[in-house]
Amino acid sequence: MSAAIITLKTQENASQNLIIQRPPSGLSLQGRISIPGDKSISHRALMLGAIAEGETEIQGLLLGEDPRSTANCFRALGAEISELNTQLVRVKGIGLGNFQEPVDVLNAGNSGTTIRLMLGLLASHPGRFFTVTGDDSLRSRPMSRVVKPLQQMAAEIWGRKGNTLAPLAVQGQALKPIHYHSPIASAQVKSCILLAGLNTEGKTTVTEPALSRDHSERMLKAFGAELSIDPETNSVTVTGNAKLYGQKVVVPGDISSAAFWLVAGSIVPGSELVVENVGVNPTRTGILEALAMMGADIQLENQREVAGEPVADLRVRSSQLKSCTIAGDIIPRLIDEIPILAVAATFAEGTTIIRDAAELRVKESDRITVMAQQLNKMGGKITELPDGMEITGGNALVGAEVDSHTDHRIGMSLAIAALNASGTTTIHRAEAAAISYPNFTNTLVEVCR
């Protein structure tokens, strides 16, 4: 076997093409991998540090573009945040309710987490005016899922298309507490309302149809918020007029980033990889459960707890995957990993069904349409469903010209598929990976043998 030829070429318009040529003799993946810090936890550490009293120290922060957008927004609101790095970031908080009016528009870039969570905080600052926008992709993504419940709390928010699209203008108000029954299981919706409730007198409750990731709850408790959780009804209640205090936060590795290597190690014959220091929060481990259903050989080693979050090293060995059905309550716990699960299903025996995932259509791209189109270009057999995909495995993939559609998870998923495709695959706009995994291509080169 010989290593794949992997080349990253920058075009005249500054976009990048990732070219992957699989050798005719095949390849295997070997090595130990350190992955970027968890994106969800990185966002929340910056935000809660900014509204806490005192100083917050963050180790292992993700250096992707999305956390940079969060840091820039909260600097503009008055927090002091040191230069971002993985070793130690210091955040000098301004205390809850003390945002200053920024002199310019807040720019959330490509980050849905930044804009949606921040809206809850902005709306609950009486007498202050804010405007927030994002890039082309973010300005097309639906904001009504957080705007409507905030309006129920008496928030004043205006935007395009009936207040559903950014740019959004916010006139801060003294909000009233509500009990919100969310129609979808969404950590962003839940977190937005809880953050609004922090600065709202009384108790604010969110009830979900299924449990979504709980990083906000864990971190709010660690920072001193009064929070109660009812697991039987998937409800969380926060008591307002809270005081948060700066903490030391250690960010574990992002299981969404680990997912690419778990699938790669499973589908490329003769592979064995160890992904180190991965956050295995139960609200995020749907990917492990789905791959287990497919027959993947994955072991959790060195299990431990770091700053309130469970962490483990994940060892994956290649195996023959089989089809399964992925639907129901597991979907909120693996929604971001479905693009790479589609790649796994392409190499599995039988037909895999993914349902209840209509949320994928309003991510950085329409991930259902885009993954189906791009993998089918490579010889896959994927049929779109309104809320998911039907994927017939066992079709040999061939190299092709594909496109990330500026979606980081699409671009990286296609790169993993290319490792098992004959010939040469060119992934256009591959720079999108930097949103969550700036070192992805370097790691890809390192593990190919």
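How many disulfides does a search of the whole structure find? The search finds 0, where a disulfide is taken as a pair of cysteine sulfur atoms within 2.5 Å. A disulfide is a covalent bond between the sulfur atoms of two cysteines. Cys324 is buried, at 10% relative accessible area, and Cys448 is buried too, at 6%; buried here means under 20% relative accessible area, with exposed over 50% and partly exposed in between (1.4 Å probe, protein chains only).

The model is predicted, so local features need pLDDT of at least 70 and side-chain atom pairs count only at pLDDT 80 or more, while totals for chains, interfaces and linings use all residues. Residues are numbered from 1 along each chain as its sequence is written, and side-chain values use heavy atoms, leaving out hydrogens and water.

Strands (E, at least two residues) and helices (H or I, at least four) are DSSP runs numbered from the N terminus, and two strands pair if DSSP finds at least two bridges between them. E7 runs parallel to strand E8 (residues 129–133), joined by 2 bridges; Leu106 has Val132 of E8 as its bridge partner.

Next come the helix pairs. Helix H3 (residues 112–123) packs against helix H6 (residues 187–198) at about 30 degrees, their axes 6 Å apart. Axes are lines fitted to C-alpha atoms, for helices over the stretch in contact, and angles run from 0 to 180 degrees between N-to-C directions. H3 and H6 are therefore roughly parallel to each other (angles under 35 degrees count as roughly parallel, over 145 as roughly antiparallel, 65 to 115 as roughly perpendicular and the rest as oblique). The residues making the contact include Gly112, Arg116 and Gly120 of H3 and Ser191, Cys192 and Leu195 of H6, contact meaning heavy atoms within 4.5 Å.

Helix H8 (residues 255–267) and helix H9 (residues 286–293) pack at an angle of about 20 degrees, with axes 10 Å apart, and are therefore roughly parallel to each other. Ile255, Ala259, Leu262 and Val263 of H8 meet Ile287, Leu288 and Leu291 of H9 in this contact.

A second sheet is also open, with 4 strands in the order E3-E16-E18-E17 and mixed pairing. Its edge strands, E3 (30–34) and E17 (297–306), each pair on one side only. From one strand to the next, the twist averages 15 degrees. E17 and E18 pair in the antiparallel sense over 8 bridges, and Asp297 has Arg317 of E18 as its bridge partner. H8 packs on this sheet, touching E3, strand E16 (272–279), E17 and E18, and its direction makes about 165 degrees with that of E16.

In helix H7 (residues 215–222), the buried residues are His215, Ser216, Glu217, Met219 and Leu220. Their cover includes helix H1 (39–51), H6, and strands E13 (227–230) and E18 (309–317). Gly224 follows H7, with a positive phi near 105 degrees.

Finally, Lys363 lies in the loop between strand E20 (351–354) and helix H11 (367–377). Lys363 is buried, at 14% relative accessible area, and touches Arg141, Ile335 and Asp336, leaving aside residues up to four places away in sequence. Lys363 and Asp407 are 44 residues apart in sequence, yet 8.6 Å apart in space, C-alpha to C-alpha.
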